[in-house]
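Please keep the sequence and the coordinates in view while reading.

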Amino acid sequence: MILSPSQDDRHVATDIAEIPYILPARAWSFYTLFWLIVLPLWSVIPIAWSFVIYVLWTGNIWSFGWSGRICFAIAFSEVLFSVHHYNLVRSVSGPPLNGASNLAERQASFIRVLKSGLADLTEESYDEESLDDARPGSPAETIVQLKADDPRAVDFRERMRAWFRRSTWSSVKKRDAYAYLYWVFYNSEMPPLEFLTGQQRAVLDDALSRVEKRAGKTIPDEPSVGVQPVRLTIDEVNVNWRPLTWYVMALGVSSYGARFGCYNGLEYFVRIPESWDAVHGRRPLVFLHGLGLGMMQYKIFLSDLLRNHSDRPLLFPLQPHISQNIFHVRFLTPMPRQEMIACLVGLLRELGWVPPADEPDDTHESYKNTKSSMSSGVVVLSHSYGSFVHTWLLKAYPHIAVRSCFVDPVAICCWEGDMCHNFLYKPCTTASNLLMRYFVGTELGVANTLQRHFDWVSNSLWFEDIPNARDPDRTLVVLGGKDAILNAERVRRYLSTHGVSKGIYFDPNGAHGQPLIADGLGHDTIMKWLRVA
């Protein structure tokens with residue numbers, strides 16, 4: 001590797017954090033998808049505006065037949081909807097309304113981030129040192145000054161680059177780091193340094209000192225060279241319009257033979273076999289879906305579940321804010337963590353799948369740590385964004401999710417920034433990138449959820465948060481090596497260094513969502529694991 005003249009001799013080729021990120025050239029598949037699908041769909045609104053303005057200007061509407069008037073009505077509906085959509089985008093474009101969570105909690109979580117990867121663990125061994133003896137494996141190392149060439153420091157600098165849009169580490173200046181850290185702790189734009197309170201400056205200085213120790217290098221106090229830190233919830237909301245027709249088509253949801261219900265605002269589909277009983281029947285399964293079109297995009301998988309698990313109850317909680325259901329009353333007001341989990345657990349209790357009232361954790365030891373008591377609790381299967389809700393449940397009620405299956409779990413290692421960079425910030429170069437960005441990432445509800453309601457502290461799933469993480473009968477993590485959103489290899493490595501081996505299914509050629517497609521190896525692995533109990 002030949003370094004550019006601006007990089008001095010201190011930066012050697014082995015320092016991967018100093019290798020400039022080069023965006024790959026756009027593939028032909030990108031242009032094919034753009035011209036044949038994205039551009040025509042995007043053009044519906046400007047075409048509708050042009051048609052309506054032309055017709056009203058010329059007065060030709062009175063000469064139209066029924067077909068012409070229907071076309072005008074549709075175009076006029078698109079015009080009105082585009083104005084409504086524009087106002088909705090403006091309503092979510094301001095600063096986040098939820099503010100920052102507890103500062104002490106954020107500081108503790110950030111220290112936990114800095115300690116990740118600090119312990120000298122290999123994939124063949126793990127440490128038993130833990131802050132929680134009930135779930136060992138969390139490294140409790142002390143953050144000390146590392147040398148610049150320490151592999152742990154080099155790896156940390158490379159990971160942190162994602163939060164600075166893949167800029168080289170040497171280009172990150174102290175002002176850039178302060179702006180990022182202020183967002184981490186206060187979830188807002190940092191004011192000029194001279195306007196910071198004494199406490200705020202102390203918080204930032206302490207965090208920066210720890211970052212520099214962990215990185216093995218001092219961040220220079222020099223003028224910024226234009227590096228922009230990723231501050232997910234205060235950066236400009238990136239939304240692309242789409243027509244009313246698209247949202248109407250997205251409403252096409254089948255019940256799959258399940259019953260629709262609503263519990264305190266949480267809508268769901270549930271199927272309970274008539275012959276099932278809570279004492280002797282198979283454990284109920286809860287499926288937490290990801291971003292996109294809600295249950296519609298899981299049609300094949302859900303049909304397979306209902307067909308192959310006809311003897312067990314199935315629950316599908318709905319999340320309209322990430323399902324492009326713009327007509328839903330809570331489309332732009334997603335349930336926060338506490339409300340979502342209160343509703344989900346309350347629903348499980350109402351269905352009789354978990355004890356009617358919460359009890360101290362020690363009363364649940366019999367079914368948390370043994371395989372013989374399989375009649376209480378539920379099996380939770382989550383995909384992608386659904387792993388965040390899965391995480392909330394495990395943190396609040398670890399005894400309820402007796403078995404957990406994570407498919408493409410973006411909650412694991414989300415503190416490293418790959419998910420945010422790949423899904424929302426990285427320019428698209430392939431058809432799959434463009435497909436995810438336009439049809440999912442820049443949709444209004446999804447953008448509002450991720451860019452105004454994302455809480456990295458609550459959403460981060462650590463090894464020690466997963467009960468029985470090393471037991472392959474209780475925990476399964478399914479990953480794809482070609483996942484374009486999360487860094488599957490780093491997730492696999494993180495779990496492996498904590499002693500998880502048999503409970504990981506890693507497909508080197510697997511893409512995001514591919515395990516939920518029928519007839520795939522990942523799909524078969526999931527179905528086989530679900531049949532155990």
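Asn 264 lies in the loop between strand E1 (259–263) and strand E2 (266–271); helices (H or I, at least four residues) and strands (E, at least two) are DSSP runs, numbered from the N terminus. The model is a predicted one, in which local features need pLDDT of at least 70 and side-chain atom pairs count only at pLDDT 80 or more, while totals for chains, interfaces and linings use all residues. Residues are numbered from 1 along each chain as its sequence is written, and side-chain values use heavy atoms, with hydrogens and water left out.

Most residues other than glycine have a negative phi. Asn 264, although not a glycine, has a positive phi of about 50 degrees. With a relative accessibility of 58%, Asn 264 counts as exposed; the cut-offs are under 20% relative accessible area for buried and over 50% for exposed, with partly exposed in between (1.4 Å probe, protein chains only). Arg 166 is also not a glycine and has a positive phi, of about 65 degrees. Arg 166 belongs to the loop between H4 and helix H5 (174–186), and it is buried, at a relative accessible area of 13%.

**The protein as a whole**

The protein contains 17 helices and eight strands. Of its 533 residues, 55% count as buried. Among contacts (heavy atoms within 4.5 Å) with a separation of 6 or more, 78% are between residues 24 or more positions apart.

Strand E7 (residues 475–480) is mostly covered, since six of its six residues are buried. In a regular strand the side chains alternate between the two faces of the sheet. In E7 both faces are covered: Thr 475, Val 477 and Leu 479 are buried on one side, and Leu 476, Val 478 and Gly 480 on the other.

Strands pair if DSSP finds at least two bridges between them. E7 pairs with strand E6 (residues 401–407) in the parallel sense over four bridges, and Val 477 in E7 is the bridge partner of Phe 406. Four bridges also join E7 to strand E8 (residues 504–507), again running parallel; here Gly 480 stands opposite Asp 507 in E8.

Among the buried residues are Asn 433, Met 436, Arg 437 and Phe 439. Their cover includes helix H1 (28–58), helix H7 (244–249), H12 and helix H14 (444–452).

Rolling a probe the size of a water molecule over the atoms shows where empty space is left. On a 1 Å grid over the protein atoms alone, where a 1.4 Å probe fits, a pocket is an open set of points with protein on both sides within 12 Å along at least five of seven lines, and lining residues have an atom within 4 Å of a point. The largest pocket holds about 1,200 Å³ of space. Of the 48 residues that line this pocket, the closest to its centre are Met 436, Asp 483, Ile 485, His 512 and Gly 513.

Helix H4 (151–160), helix H8 (299–308), helix H12 (418–425) and helix H13 (431–441) each supply at least two residues of that lining. H13 gives the most, with six residues.

How values were computed. Points joined across faces, edges and corners; volume = space filled by probe spheres on them.
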